[in-house]
Amino acid sequence: MQPRLELLNCEFNSMNKNAKIYKIMFDDGRVYIGLTCVELKMWLKCHLSNKKSQVYKNKKKNPKIALVVSAPSSDNKSLENTESCCC
């Protein structure tokens, strides 16, 4: 079972109801922490096709994505604060 964090007293909107904090792990032990509302496998593909992404720049180090916590919210600031707590 995946961990789940629900931010209370929020009205969910369609974008943030699927918000999640994720981590991308590399073979060299480094970890990238991020926030997305997109399905994780799709989001990893987005990182791997974006030349500005740190994940793209390290794509030869076998990146693997995993859920840290589901964090549905209608408040973007709360999501950013939750993301920073996971680092």
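Trainee: Which residue of β3 is the bridge partner of Met25?

Mentor: This is a predicted model, in which local features need pLDDT of at least 70, side-chain atom pairs count only at pLDDT 80 or more, and totals for chains, interfaces and linings use all residues. Residues are numbered from 1 along each chain as its sequence is written, and side-chain values use heavy atoms, with hydrogens and water left out. β1 and β3 pair in the antiparallel sense over six bridges, pairing being counted where DSSP finds at least two bridges between two strands. In β3, the bridge partner of Met25 is Lys64.

Trainee: In what order do the elements of the chain run from the N terminus on?

Mentor: Elements are DSSP runs numbered from the N terminus, helices being H or I over at least four residues and strands being E over at least two. On that basis the chain has three helices and three strands, and from the N terminus on they run β-β-α-α-β-α.

Trainee: Which residue in the turn of the β1 and β2 hairpin has a positive phi?

Mentor: Six bridges join β1 to β2, which run antiparallel. Within this pair, Lys20 stands opposite Thr36, while Met25 stands opposite Val31. Five residues lie between the two strands of the hairpin, and the positive phi in the turn, about 95°, belongs to Gly29.

Trainee: By how many degrees are neighbouring strands of the open sheet turned against each other on average?

Mentor: The open sheet of three strands has the order β2-β1-β3, with antiparallel pairing. Its edge strands, each pairing on one side only, are β2 (31-36) and β3 (64-70). With direction ignored, neighbouring strands of this sheet are turned against each other on average by 25°.

Trainee: At what angle does α1 run to β1?

Mentor: Axes are lines fitted to C-alpha atoms, for helices over the stretch in contact, and angles run from 0 to 180 degrees between N-to-C directions. Contact here means heavy atoms within 4.5 Å. α1 lies across β1, β2 and β3, and its angle to β1 is about 55°.

Trainee: What is the relative accessible area of Asn62?

Mentor: Asn62 lies in the loop between α2 (54-57) and β3. Although Asn62 is not a glycine, it has a positive phi of about 55°. Asn62 is partly exposed, with a relative accessible area of 36%.

Trainee: How many contacts beyond four places in sequence does the model have for residues 82-87?

Mentor: The chain averages a pLDDT (the predictor's confidence in each residue, from 0 to 100) of 78, and 66% of the residues score at least 70. Over residues 4-13 the pLDDT is below 50, and this stretch has 22 contacts in the model beyond near neighbours in sequence. Where pLDDT is low, the predicted coordinates should not be read in detail. Over residues 82-87 pLDDT likewise stays under 50, and the contacts beyond four places in sequence number 13.

Methods: Buried < 20%, exposed > 50% of the residue type's maximum accessible area, 1.4 Å probe, protein only.
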